[in-house]
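Please keep the sequence and the 3D view open while reading.

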Amino acid sequence: VKVLNNLGVEFGYLAHDEPCCGGLLHYIGLRNEFAKNAQEVYKQLKSRGVKRIISIVPSCTYTLRDLIPKYIDGYDLEVKHFLEVVLEGIKSRELRFPKEVKVTYHDPCQLGRYLGLIEEPRQILKAIKGIELVETEWTTGEWATCCGGGGGFEAVFPELSEILAVNRTQELIETGAEIIVTHCPGCIMQLKNGLKELKADGVKVLDLAQVVAKAMEG
């Protein structure tokens with residue numbers, strides 16, 4: 001909200017009245033239930049006069065942009081991910097992080113592999129003065145290692161999920177970064193758990209929105 005306000009984007013949000021996109025129904029194979037939910041979501045949004053959606057969770061964005069339209073005749077909502085809006089808005093601005101810092105970026109599975117948003121978050125980070133972006137050797141972009149979250153995996157297979165979280169976190173901290181940046185609430189939870197297991201007290205995890213907000217204050 002702070003970032004969008006700073007960029008001059010006029011928007012509203014539904015808070016507790018916001019309908020669930022229902023993506024999980026699709027992922028676990030309940031296609032009829034997903035189709036029913038899709039109709040209800042579209043109906044609710046249209047009844048409020050919504051024309052454009054800015055979404056921040058990768059799986060929700062993919063559901064609203066790519067899945068729900070398959071079940072709605074005449075679907076006419078424009079869906080953009082938050083970082084796409086941010087990238088457009090900061091092109092003519094100077095951003096500075098409060099201190100010089102090494103940052104590495106973790107690509108959320110759906111953001112990179114489903115939405116194809118790989119270069120955009122890196123362009124944002126590189127546009128912020130004071131940030132040095134350091135990357136893992138080759139597990140980036142569409143080849144980024146999964147953190148072990150998403151799709152309910154961490155709830156169904158918690159032990160395996162933790163192993164994956166630790167492995168991915170280890171890869172990221174080996175870059176020498178002080179901050180791991182990502183852009184998915186599931187990834188943030190997993191990577192924080194990974195840092196806790198590795199006892200990596202000198203490294204923290206931030207959402208890209210938090211980084212941009214801090215840079216706007218600088």
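Which residues does Ile 124 touch, not counting residues up to four places away in sequence?

## Contacts of Ile 124

Ile 124 touches Leu 83, Val 86, Leu 87, Ile 90, Leu 208 and Val 212, where contact means heavy atoms within 4.5 Å. This is a predicted model, in which local features need pLDDT of at least 70, side-chain atom pairs count only at pLDDT 80 or more, and totals for chains, interfaces and linings use all residues. Residues are numbered from 1 along each chain as its sequence is written, and side-chain values use heavy atoms, with hydrogens and water left out.

## One face of helix H7

In helix H7 (residues 119–126), the residues Pro 121, Arg 122, Ile 124 and Leu 125 are buried, that is, under 20% relative accessible area with a 1.4 Å probe and protein chains only. Seen down the axis of H7, these buried residues fall within an arc of 155°, so they line one face of the helix; the arc is that of the directions from the helix axis to the C-beta atoms.

Helices (H or I, at least four residues) and strands (E, at least two) are DSSP runs, numbered from the N terminus. The buried residues of H7 pack against helices H5 (82–89) and H11 (208–217), and also against strands E3 (95–105), E4 (128–133) and E5 (179–182).

## The strands

Strands E3 and E4 run parallel and are joined by five bridges, and the partner of Leu 95 in E4 is Ile 128. Three bridges join E3 to E5, which also run parallel, and there the partner of Tyr 105 is Val 181.

Conventions:
Buried means under 20% relative accessible area, exposed over 50%, partly exposed in between (1.4 Å probe, protein chains only). Two strands pair if DSSP finds at least two bridges between them.
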